[in-house]
Amino acid sequence: MYEDDDLIVINKASGMTVHPGAGQREHTLVNALLHHCSTLSGIGGKERPGIVHRLDKETSGCLVAAKNDVAHRELSKQFTARTVEKIYLALVAGKLRKETGVIENKIGRHPVHRQRMSVSSPRGRAAKTEYRVLRSSEQASLVECTLHSGRTHQIRVHLHHLGNPVLGDKIYAPRLAKDFPRQMLHAWKLGFRHPRTGEWKHFEAPLPDDFNRAIAASGLQI
């Protein structure tokens with residue numbers, strides 16, 4: 001979506017893991033970036049060069065990576081200070097009780113199911129998600145979610161807590177996952193200050209075909 005000497009912004013495809021890890025060493029975003037870019041920031045080490053933030057494997061959309069350490073540090077400061085604009089689209093089960101709202105439940109590792117995060121964890125960390133319903137029916141809703149923190153699975157956990165889990169989510173709503181190709185979550189918009197110039201940069205990733213098909217199948221239109 002954008003590239004210069006300091007950074008690259010990509011529209012990550014669903015199904016692509018961001019960096020190598022246990023069970024997957026190849027075909028990750030890091031592998032693709034190393035093939036495409038002559039240099040990447042070394043702050044993340046050999047496993048995560050250039051990676052400032054992550055998206056779940058099944059989540060599509062905007063992601064920025066740093067090409068040098070100066071850019072990486074400056075972008076990381078913005079993420080830590082929560083000055084980065086991060087807006088997602090989520091297709092969720094059912095109709096939300098309120099058209100707009102703010103969810104501020106703490107999030108931590110589930111005490112029993114270690115793959116899951118939970119709002120009831122005794123070691124939960126502060127998390128804030130602002131949401132707005134764009135379209136809804138009794139069966140499904142298309143929801144715009146603005147992140148004011150960056151906890152693992154934050155949107156998925158918060159919407160599940162509301163009683164409106166993300167459709168296709170095999171971890172938090174497995175019974176609703178079979179009719180969808182993946183979890184229907186898309187990193188729609190990303191905005192930040194350019195680490196070198198200070199200019200505000202804003203990006204919007206178009207919805208992928210599978211997301212548009214899921215919206216249509218749910219009887220909703222964006």
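Strands S8 and S9 form a hairpin with three residues between them. Strands here are DSSP runs of E with at least two residues, numbered from the N terminus. This is a predicted model, where local features need pLDDT of at least 70, side-chain atom pairs count only at pLDDT 80 or more, and totals for chains, interfaces and linings use all residues. Residues are numbered from 1 along each chain as its sequence is written, and side-chain values use heavy atoms, leaving out hydrogens and water.

Two strands pair if DSSP finds at least two bridges between them.

How many of the eight residues of S9 are buried? Eight of the eight, residues 140-147, are buried (under 20% relative accessible area, with a 1.4 Å probe and protein chains only), so S9 is largely enclosed by the rest of the structure. In a regular strand the side chains alternate between the two faces of the sheet. Here Ala140, Leu142, Glu144 and Thr146 point one way, while Ser141, Val143, Cys145 and Leu147 point the other.

Now for the rings. The structure holds two aromatic pairs (ring centres of Phe, Tyr or Trp, using the six-membered ring of Trp, within 6.5 Å; planes under 30 degrees apart are stacked, over 60 edge-to-face, the rest tilted). One of them, Tyr2 with Phe203, is tilted, at 5.5 Å centre to centre and 45 degrees between the planes. This pair links distant parts of the chain, with Tyr2 in S1 and Phe203 in S11, 201 residues apart. Phe203 is buried, with a relative accessible area of 8%.

Definitions and conventions. Buried means under 20% relative accessible area, exposed over 50%, partly exposed in between (1.4 Å probe, protein chains only). Helices (H or I, at least four residues) and strands (E, at least two) are DSSP runs, numbered from the N terminus.
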